[in-house]
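Subject: Structure handover, pockets

Hello,

Here is the structure for your files. My notes on its pockets follow below.

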Amino acid sequence: MMLCLCGSKQNENACCKPIVEGSRVANFPEQLMRSRYYSYAVKNVDYLCNTYTSPQKVASLKADISAWCQQTQWLKLVIHDAENISREEFMQRAFNAQSSPLPTVTFSAFFIVDNVYCQISEKSHFTVEDNQWRYESGDVIEQIEIAKLTRNSPCPCESGKKYKRCCMG
């Protein structure tokens, strides 16, 4: 059994993997957020592009997203707050012309890029298009470099090993 990379503590086959593979849809914004994180971790650029609002607008960014995925090792996702409204509830609210803000998920993601351990915190906004949750936009709250990693640094993945024997590859 492989735990899902999104940090939910569920088996990946019961969590993000079927959403990313298209056999299930995300029912709530947090599920879409987690599945997008999973996609970054497994480098599934097509899924990332297809889950933006108006995916055709993002087509021009595909090479940049792919490059970012290739150079980044994702370690951990922490969800701080999530408005878990269903697609149906959101559509009903929109149908009734109730003006309200888009549902959000606030998270921190931890990653390594160029031997630097980093954290990004963001408040992401989601909407429904074609009866699917889509990533609308994100407000970066904080982006920091936590530590420059050397071969003998403790690995930030919390394995207890040295970086050179773990995530350094």
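How much space lies in the second largest pocket? The figure is about 360 Å³, and please keep in mind that the model is predicted.

Second largest pocket

Its lining is made up of 17 residues, and Leu5, Tyr37, Trp74, Leu75 and Lys76 are the closest to the centre. Strand S1 (72-82) and H2 each supply at least two residues of this lining. The most comes from S1, with six residues. Sorted by class, the lining of the second largest pocket holds eleven nonpolar, three polar and three charged residues.

Largest pocket

The largest pocket has about 420 Å³ of space. There are 19 residues in its lining, and those that lie nearest the centre are Tyr40, Trp68, Trp74, Ile120 and Glu122. Two or more lining residues come from each of these elements: helix H2 (29-42), helix H5 (62-71), strand S2 (104-113), strand S3 (116-129) and strand S4 (132-148). H2 provides the largest share, four residues. The class count for the lining of the largest pocket is 14 nonpolar, two polar and three charged.

Regards

Definitions and conventions
Residues numbered from 1 in each chain as written. Predicted model: local features only at pLDDT ≥ 70, side-chain atom pairs only at ≥ 80, totals over all residues. Heavy atoms only, no water. 1 Å grid on protein atoms, 1.4 Å probe; cavity = no way out; pocket = protein on both sides within 12 Å on 5 of 7 lines; lining within 4 Å. Points joined across faces, edges and corners; volume = space filled by probe spheres on them. Nonpolar A, V, L, I, M, F, W, Y, C, P; charged D, E, K, R; others polar.
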